[in-house]
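Dear colleague,

I am handing over the structure below, and after it you will find a summary of what turned up when it was examined. Please read the summary with the structure open beside you.

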Amino acid sequence: MSHSDVALGGHHAPAMEPSPFAIPAIKLAMWLFIISDIMTFAACLVAYGFLRNATPNWPRPYHSSTIISVLVMTVILVTSSLIMVMAVRAARAGDRAGAFRWTMVTLALGLLFAILHLREWFGMIGQGVTFSANPWGTGLFGGAYFSVTGMELLHVIAALIALLIIGLGYKSGRYGAAHIENCNLFWQFINIVWMFVVPLVYLMDIAS
Amino acid sequence: MSTAGEQGGLGKYIVVYLCMLAITGIEVVIASSNPGGAHLLPMMLILAFTGALLGVLFFMGLAAEKRSLILFVAVFTLFVLATINYGWTDSFRVLMGAPYAK
């Protein structure tokens, strides 16, 4: 196709190539970002597993109170995922008030998750866990634990900021349903990563 | 989540939601009843991948997208996950205290 065809929007051929996979560019970009982020999380989790496997005195510090807290966090995050799906459905139906409301409910649940996550961290710090030392065993535990859970928490905080900006922008008409849908992709990705963090970081190391 | 996914009600998503919660519950029961067990890791991974698959297919709406996008995401993700596990043998070597190859 010549430049003139593109400029004139030629009659016999489209001005631009069709979108790959028949999805909007903004959505494709989010999928590419998520695939690259999978590499980051997979590297963190595999590094955690590598250290855990190669260290004979790896601590197993999680008692029932921690497991209950993690379960509550999981219920909150999975519930927020379902509610975010409802936000996308409302946005696609053109229901701006409904989409905004569900997005803000997701935001509130995410905020609760982040607060519980920080509470969990402060509990560990209170027990003497740092990046290089802990009362139970190898000093590598703290660094590995805070790296994996910190990466998750960082993503949650980033997603909360995105939800707030996109939610408000959608309500005011600056953003469209595609933006809410992209937020949904990122939020669901965080939920999916948590599905791996819970068993590999917490449940594998329940105190016997 | 494509438009095709919008035609049904919320029922499908509620089933996925309940399945994800059930998977976490099963993980907790297995891990609590057999802490530090030998076969804990494979069971946890199978359950985690099942939950993740449900999330990707339905909550992220990949199941309603074109087959080419599903293949694109699956192939790249599996490639990354496969290659990133290349270092496990070295982890066991460190555990056994074996020296580096000369």
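**What was found**

In this predicted model, the domain assignment of chain B gives two stretches, with domain 1 running over 8-64 and domain 2 over 66-102. Taken over C-alpha atoms, the centres of domain 1 of chain B and domain 2 of chain B are separated by 22 Å.

Turning to the contact between the chains, chain B contributes 42 residues and chain A contributes 41 residues. On the side of chain B that touches chain A, the elements giving two or more residues are helix 1 (11-33), helix 2 (40-59), helix 3 (67-83) and helix 4 (88-96) of chain B, and of these helix 2 of chain B gives the most, with 10 residues. By residue type, that side of chain B divides into 27 nonpolar, 11 polar and 4 charged residues.

Within chain A, the axes of helix 2 (residues 25-54) and helix 6 (residues 177-202) come within 11 Å and cross at roughly 15 degrees; since angles under 35 degrees count as roughly parallel, helix 2 of chain A and helix 6 of chain A are therefore roughly parallel to each other. The crossing of these two helices of chain A is right-handed. The residues that meet there include A:Ile34, A:Phe41 and A:Leu45 from helix 2 of chain A, and A:Leu185, A:Phe189 and A:Val193 from helix 6 of chain A. The residues of this contact between helix 2 and helix 6 of chain A divide into 14 nonpolar, 2 polar and 3 charged.

With best regards

Methods: Residues are numbered from 1 along each chain as its sequence is written. Chains are lettered from A and ligands numbered from 1 in the order in which they are written. This is a predicted model: local features need pLDDT of at least 70, side-chain atom pairs count only at pLDDT 80 or more; totals for chains, interfaces and linings use all residues. Two residues are in contact if their C-beta atoms, placed from the backbone, lie within 7 Å. Helices (H or I, at least four residues) and strands (E, at least two) are DSSP runs, numbered from the N terminus. Ala, Val, Leu, Ile, Met, Phe, Trp, Tyr, Cys and Pro count as nonpolar, Asp, Glu, Lys and Arg as charged, and the others, Gly among them, as polar. Domain bounds come from an automatic or database domain assignment. Axes are lines fitted to C-alpha atoms, for helices over the stretch in contact, and angles run from 0 to 180 degrees between N-to-C directions. Angles under 35 degrees count as roughly parallel, over 145 as roughly antiparallel, 65 to 115 as roughly perpendicular and the rest as oblique. A crossing is left-handed if the near helix is turned anticlockwise from the far one by less than a right angle, and right-handed if clockwise.
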